[in-house]
Amino acid sequence: MRIGMPRETESFETRVAITPATAQRLVQKGHTVNIESRAGKSIQATDEDYKNAGADIMDRQDILTSSDVILRVLPPPPEEIPVMKRDAVHISFLDPFQRLDLIKLFREHNITAVSMEMIPRSTIAQKMDALSSQANLAGYVAVITAAERLNKILPMMMTPAGTIAPCRVFVIGAGVAGLQAIATAKRLGARVDAFDTRPVVEEQVASLGAKFIKIDLGETGQTKDGYAKKLTDEQLAQQRAAMAKICAQSDIVITTAQIFGKKAPLIITKDMIQDMKPGSVIVDLAVESGGNVEGSCIGEEIELNQVRIIGLRNLPGRVSVHASQMYAQNLTNFIETFWDEQEKTFRLDLSDDICQSAVVTHQGQIVQERIKALTT
Ligand code: NAD
C-alpha cells in the first residue's frame, strides 16, 4: 500500500502525521511511504531522516494523486480532495461536525474519510485515541504556559527571607487534559482545586492530590461514551456562582470543559474575572471549540482587569516532537489494526465498532450515523 504525507498547510500546525520512526514501522510492514520534502521540519526531522527510515521524498502533487492512504494532522484544503485517487483513504482530524463541506467533498469523490476525533473511547481503541494523546499534552502545556506567564512561583518555599505560600491552581473539567493539568500543577508544587460535572472523576482528582470542589447541580451524569452531558442554563448559572469564589482565590485557572460535538459551555464570565486577583492567569483550553471564558480569543493572549486570558491554539503543537510521536503512533496503530496482512489489503469493516464510529465516508456515502443525520 502506498502511504503519503503532504506537508501541513496551516502555519500554526507544527505536528506531523508520520515521523521517521513510524515511517520505518510502515516500511517494515511492506508499505511504500512517500513524504513531501521538508514535511518534518517542525520536529527537526530532515528528508534524509525519512529516507534513512526507508521512505521516499516525493512531490506534493504526486503524493496526492498516487497515494492509497493519505495521513495528515489537520483537515485537508478542499481543493486537494478532488485530485486524490478514487477509493483512496484519508485519515486526519476532520472537525466533522463543523466541516460538513469537506465531508460532502469526500463523498462526492469517493474517498474514504476517517476522522480521528471519532475514534471511540473504548479500551480496544485506546492505542488509536488521538484526542486523548493530544489532550494529555495540552493539559501539560497549559500549566507550563501559565506558570511561565505568572509573576509568582508555584511551590511553597520556606527560606530565611520568609515563607512563600504555594500558588493556587483551579482546574475546571477533569477529563484527559484536566487530569494531566492537575498532575503537572501538583508536580510543580501548587495547591490544586478541581471541578467536573461528572461526579465519577472525584476519586481520580483526589488520587492526584487535588481537592475536588463539590457543587450540587442536580442531575448531571455522562453519556455511554463517558462524555459530559450538556447542562441546562440554570445549572450553568449555579455552577458559575459556586465557582466565582474559587476563581477569586486562584492564581491560575485552567478551563478544559467540553461537550463532545457541541459548543463548549461558557463557564467564566467577565464578572467573575473582575473579582479575580490582578496578575492571575487563565488558560482557556476550550477556546477552539467556542471557549469556556468570556472574551477569550483564538490564538491570542489578552488582559482584562489585569488578568491574563490565554487563548492560544494548538497547545500540543508547542511540544511538537512528542505530540507528533504520539499522533503518528495513533495513526500507525489504526493502519496496522485494519491492514489485512494475508490478503494485503486495507479492510475497513463497517460492522467493527471503531470503523463504525471513525469512518465518515465510504464508497460514495456518508456512513457515520451522527454525521449523516446532520446532512439530511
Ligand atoms: P472532553 O474533552 O469532552 O471534556 C473535558 C472535561 O470537561 C470532561 O471531563 C467533562 O466532563 C468536563 N465538563 C463538561 N462540561 C463541564 C462543565 N460545565 N463544568 C466542568 N466540567 C465540564 O472530555 P475528555 O477529556 O475527552 O474525556 C471524556 C471521557 O472519556 C472521560 O470520562 C474520560 O475518562 C473518558 N476517556 C476514556 C478513554 C478510554 O476508556 N479509552 C479514553 C479517553 C477518555
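What you're looking at is a predicted model, where local features need pLDDT of at least 70, side-chain atom pairs count only at pLDDT 80 or more, and totals for chains, interfaces and linings use all residues. Residues are numbered from 1 along each chain as its sequence is written, and side-chain values use heavy atoms, with hydrogens and water left out.

Let's start with the ligand. Of the 25 residues around the ligand, Arg121, Val176, Asp196, Arg198 and Gln239 come nearest (a residue is near if one of its heavy atoms lies within 4 Å). By class, that shell has 11 nonpolar, 10 polar and four charged residues; Ala, Val, Leu, Ile, Met, Phe, Trp, Tyr, Cys and Pro count as nonpolar, Asp, Glu, Lys and Arg as charged, and the others, Gly among them, as polar.

Now zoom in on single atoms. The side chain of Asp196 has an N or O atom 2.6 Å from a ligand oxygen, and the side chain of Gln239 has one 2.8 Å from a ligand nitrogen. Gly175 uses its backbone instead: an N or O atom there lies 3.2 Å from an oxygen of the ligand. The protein buries 85% of the 840 Å² that the ligand exposes when taken alone (areas come from the Shrake-Rupley method with a 1.4 Å probe).

Next, charges. Side chains of opposite charge can pair when their charged atoms come close. The count here comes to 23 salt bridges, each being a side-chain nitrogen of Lys or Arg within 4 Å of a carboxyl oxygen of Asp or Glu. One of them joins Glu36 and Arg7, with the closest N and O atoms 3.7 Å apart. This pair links distant parts of the chain, 29 residues apart: Glu36 sits in strand S2 (residues 32-36), and Arg7 in the loop between strand S1 (2-5) and helix H1 (20-28). Helices (H or I, at least four residues) and strands (E, at least two) are DSSP runs, numbered from the N terminus.

The largest cavity holds about 40 Å³, a volume being the space filled by probe spheres set on the points, which are joined across faces, edges and corners. Its lining residues (an atom within 4 Å of a point) include Arg7, Glu8, Arg60 and Pro75.

Conventions. On a 1 Å grid over the protein atoms alone, a cavity is a set of points where a 1.4 Å probe fits but cannot get out, and a pocket is an open set with protein on both sides within 12 Å along at least five of seven lines; lining residues have an atom within 4 Å of a point. A polar contact is a pair of N or O atoms within 3.5 Å; within protein, one must be able to donate a hydrogen and the other to accept it, and residues adjacent in sequence count only if both atoms are side-chain atoms.
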